[in-house]
Amino acid sequence: MKKIYNAVCFILLISLLVQCYTARSIVDLGNKTAKAGSSVTGEILKCYALMGNQAFVDQRQQEMIRLLSYPDPRRVMLPAIRVRQLKSLPAKINAFTSLQTVYKSFETLTDGTDKDASRDAMTSLLNSYFTIKKLPDLPHAAQQILPGATSEFTVATQANKVKEQNEVLGKLSAAYLEIWKKDLPVWKEYIDRIYLDYAKAVYALPESRFDPQAIKKLVNQPVNTKYQIIFYKDKVQQDAKQQIATINDELDQTTYAFETLIQSHQAVTQRPVSVSAVSAMLNSINSTLGAIKK
Amino acid sequence: MEEVTKERLSKAIECFDNHRAVFIQYAYRHGGNRAVSSLLDKYDALRYSFFDLIDTELDMTNPQLAQLMTEADADAVNLSASIDNLNQINTSIALLDKTLNVVGQILAIV
């Protein structure tokens with residue numbers, strides 16, 4: 001009889017340990033997902049900064065072209081062109097910064113090191129929620145995804161409520177993804193114009209604008225100057241296309257990481273949670289972001 | 001419809017890029033550096049208006065906006081054709097002015 005009692009106790013103990021281990025694993029997953037969110041939003045903010053920098057690239061390129069276009073360059077006053085940023089950028093940067101703050105606060109909340117973490121998570125969630133809602137051109141799809149009531153936030157900001165946390169983070173990020181996806185075609189068109197307008201303008205410049213000696217160093221072809229200039233102009237076009245491809249690739253990779261992040265939130269809300277599936281998604285996010293940084 | 005109009009404006013800018021040298025020579029012959037400046041200012045204005053336009057949410061249910069977009073669409077097509085034709089640069093510059101004016105009106109009401 002005592003043996004049976006011991007065996008039952010042992011099984012109960014094992015079962016309890018397994019449950020504790022699983023619960024701990026899920027909390028860890030919540031923490032890792034929040035960390036992935038911080039990294040993805042960091043990359044998104046880098047892309048917004050990259051778009052902001054393009055205005056300076058454009059200004060420099062167009063100014064150079066303007067100078068070289070004048071038949072009589074002595075009359076050109078520099079700077080002839082001012083920097084023109086895309087107007088919607090500052091509000092979007094502000095919104096995505098608030099989303100990154102949410103992820104950072106959830107990182108702290110899920111690692112259990114800060115007793116004020118729950119309050120900070122609630123503050124950041126509310127801030128990000130109202131920031132996105134106030135955006136002037138919020139896509140309709142984003143409005144529909146956003147949690148209807150902030151009451152969901154109360155449960156989600158409790159340290160061990162991993163499922164609820166990921167439900168809220170998933171919805172909030174999905175709404176932000178709609179903004180990102182709406183911006184992508186605008187940016188691609190913008191980048192095309194910036195680099196192609198420059199390359200085409202270089203192509204249209206008369207031969208007299210080029211220094212044969214300098215061209216010779218840039219174009220390693222055994223042909224006369226006239227043809228070297230053509231090769232150089234072609235090189236400028238190829239470089240422009242390469243630049244566009246590099247930027248587009250960064251935008252596409254970031255989109256993939258963002259979409260995978262949202263999938264990982266959804267996977268954490270499933271019961272039972274597939275720890276291996278979520279881990280694979282998080283690894284995929286990390287390797288994608290790592291490849292962009294290279 | 002708005003996407004097509006934006007594409008056509010983009011095409012008009014590209015047409016000017018392709019024939020930039022001819023336009024500048026023409027402007028210089030007919031008005032010196034001042035005319036070149038004026039032409040390049042118009043080109044820059046068209047590019048920046050285009051950037052503003054693609055970066056702006058357009059409410060196409062607004063009848064005034066829809067009407068202006070239709071005008072901008074026709075102007076962009078005419079401008080591209082005129083630039084590619086290269087026969088009447090004066091006409092192209094007038095069309096550039098007209099297109100700029102319509103896009104300016106669009107941006108003023110959004």
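**A walk through the two chains**

Q62(A) has its place in helix α1 of chain A, where helices (H or I, at least four residues) and strands (E, at least two) are DSSP runs, numbered from the N terminus. This is a predicted model, in which local features need pLDDT of at least 70 and side-chain atom pairs count only at pLDDT 80 or more, while totals for chains, interfaces and linings use all residues. Residues are numbered from 1 along each chain as its sequence is written, and chains are lettered from A and ligands numbered from 1 in the order in which they are written.

Q62(A) counts as buried because it has 22 C-beta neighbours inside 10 Å; a residue is buried if 20 or more other C-beta atoms lie within 10 Å of its own, exposed if 12 or fewer, and partly exposed in between, with the C-beta atoms placed from the backbone. Leaving aside neighbours within four places in sequence, Q62(A) is in contact with I81(A) and with D44(B), two residues being in contact if their C-beta atoms, placed from the backbone, lie within 7 Å. Between Q62(A) and K182(A), which are 120 residues apart in sequence, the C-alpha to C-alpha distance is 27 Å.

The contact between the chains can now be taken as a whole. It takes 23 residues from chain A and 20 residues from chain B. On the side of chain A that touches chain B, α1 (2-69) and α6 each supply at least two residues, and α6(A) gives the most, with eight residues.

Helix α6 of chain A also holds L169(A), which counts as buried because 26 C-beta neighbours lie inside 10 Å. Not counting residues up to four places away in sequence, L169(A) touches G37(A), F106(A) and H265(A). L169(A) and L99(A) are 70 residues apart in sequence, and their C-alpha atoms are 9.3 Å apart in space.

The buried residues of α3(A) are A121(A), S124(A), L125(A), S128(A), Y129(A) and I132(A). Seen down the axis of α3(A), these buried residues fall within an arc of 130°, so they line one face of the helix, the arc being that of the directions from the helix axis to the C-beta atoms. An α-helix has 3.6 residues a turn, so residues three or four places apart point the same way. The buried residues of α3(A) pack against α2 (89-111), α5 (151-156) and α6 (162-204) of chain A.

Beyond this helix, K134(A) lies in the loop between α3 and α4 (140-145) of chain A, and K134(A) counts as exposed because it has 11 C-beta neighbours inside 10 Å. The C-alpha atoms of K134(A) and A91(A), 43 residues apart along the chain, are separated by 9.5 Å. Another loop of chain A, between α8 (225-269) and α9 (275-293), holds P272(A), and a cis peptide bond, with omega about 0°, joins R271(A) and P272(A).

In chain B, helix α1 (residues 2-18) and helix α3 (residues 63-85) pack at an angle of about 25°, with their axes 8 Å apart; axes are lines fitted to C-alpha atoms, for helices over the stretch in contact, and angles run from 0 to 180 degrees between N-to-C directions. That makes α1(B) roughly parallel to α3(B), given that angles under 35 degrees count as roughly parallel, over 145 as roughly antiparallel, 65 to 115 as roughly perpendicular and the rest as oblique. The contact includes V4(B), R8(B) and L9(B) of α1(B), and A72(B), A76(B) and L79(B) of α3(B). Also in helix α1 of chain B is E3(B), which counts as exposed because it has 10 C-beta neighbours inside 10 Å.

How do α3(B) and helix α4 (residues 89-109) of chain B pack, and at what angle? The angle is about 155°, with the axes 9 Å apart, and α3(B) and α4(B) are therefore roughly antiparallel to each other. Among the residues that meet are L65(B), L68(B) and A72(B) in α3(B) and L95(B), V102(B) and I106(B) in α4(B).
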